[in-house]
Amino acid sequence: MKHFMKSIHWSIWIAVITLVLAAIFSVISTFILSGVTWAIGMVIVFIIVILGVFFDTIGVAATAADEKPFHAMASERLKGARQAVQITRNADRFANFCNDVIGDISGIISGTASAYVVIQFALQLGYHDASVQYLVISVLFTSVVAALTVGGKAIGKTLAIHYSTPIIFQVGRLLYVLEVRLKIKVFSNNGKKKKDKLTRK
């Protein structure tokens, strides 16, 4: 029952975070896209796709990584090793955030941005939204974006599985900078404290 309630709390929290991030990303992407040419819009769409692939790769790497190498790194006091341990211990939630929250939001926004780019490109060529030419352009561009997204994630998953340790270590180093320099704590120490208490007993 306790695990079920924790799962419910996490689901509610992640849903709220998704709502907020989706709204922020939508506003930012709409603001950036408004007034730009279709070529710049296309570049922005590809950047959003790359962002989704990047976070998807990190999420998969978190679930594939083993905790032991990071303990050895932590014993050598390497910066980011302790954060990498925390990532592997919270791999399910970390992957959920990277893959489902950021990954899915990127997919939705890239679709919306793609529609904007298609409209701008079609209008520049003098095609209206009911023409065959507009339909062809829309299908082609949407298909290219979808192919890049799926293909990029496939490559990312392969890299994540084979190079999970170096990938998560680099993410750990980034979290180290956030914690030490910017005072932004991603993981709490509750789990570590509980483990220490059990060890003492």
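**Cores and overall form of a helical chain**

Guide: The largest nonpolar core holds 22 residues, and Val45, Val101 and Phe141 have the most contacts inside it. A nonpolar core is a set of buried Ala, Val, Leu, Ile, Met, Phe, Trp, Tyr and Cys residues joined through side-chain atoms within 4.5 Å. Buried means under 20% relative accessible area, exposed over 50%, and partly exposed in between (1.4 Å probe, protein chains only). This is a predicted model: local features need pLDDT of at least 70, side-chain atom pairs count only at pLDDT 80 or more, and totals for chains, interfaces and linings use all residues. Residues are numbered from 1 along each chain as its sequence is written, and side-chain values use heavy atoms, with hydrogens and water left out.

Visitor: Stepping back, how many helices and strands does the protein chain have?

Guide: The chain has 8 helices and 0 strands. Helices (H or I, at least four residues) and strands (E, at least two) are DSSP runs, numbered from the N terminus.

Visitor: What are the spans of the C-alpha trace along its principal axes?

Guide: The trace spans about 75 × 35 × 30 Å. The radius of gyration of the chain is 21 Å, whereas a compact globule of 201 residues would have one near 17 Å. That radius is taken over C-alpha atoms, and the globule rule is 2.2 Å times the number of residues to the power 0.38.

Visitor: How much of the chain is buried?

Guide: Buried residues make up 34% of the 201 residues.

Visitor: A new topic: is threonine 30 buried or exposed?

Guide: Threonine 30 is exposed, because its relative accessible area is 52%. Its place is in helix α1.

Visitor: How far is threonine 30 from alanine 113, in sequence and in space?

Guide: Threonine 30 and alanine 113 are 83 residues apart in sequence and 7.9 Å apart in space, C-alpha to C-alpha.
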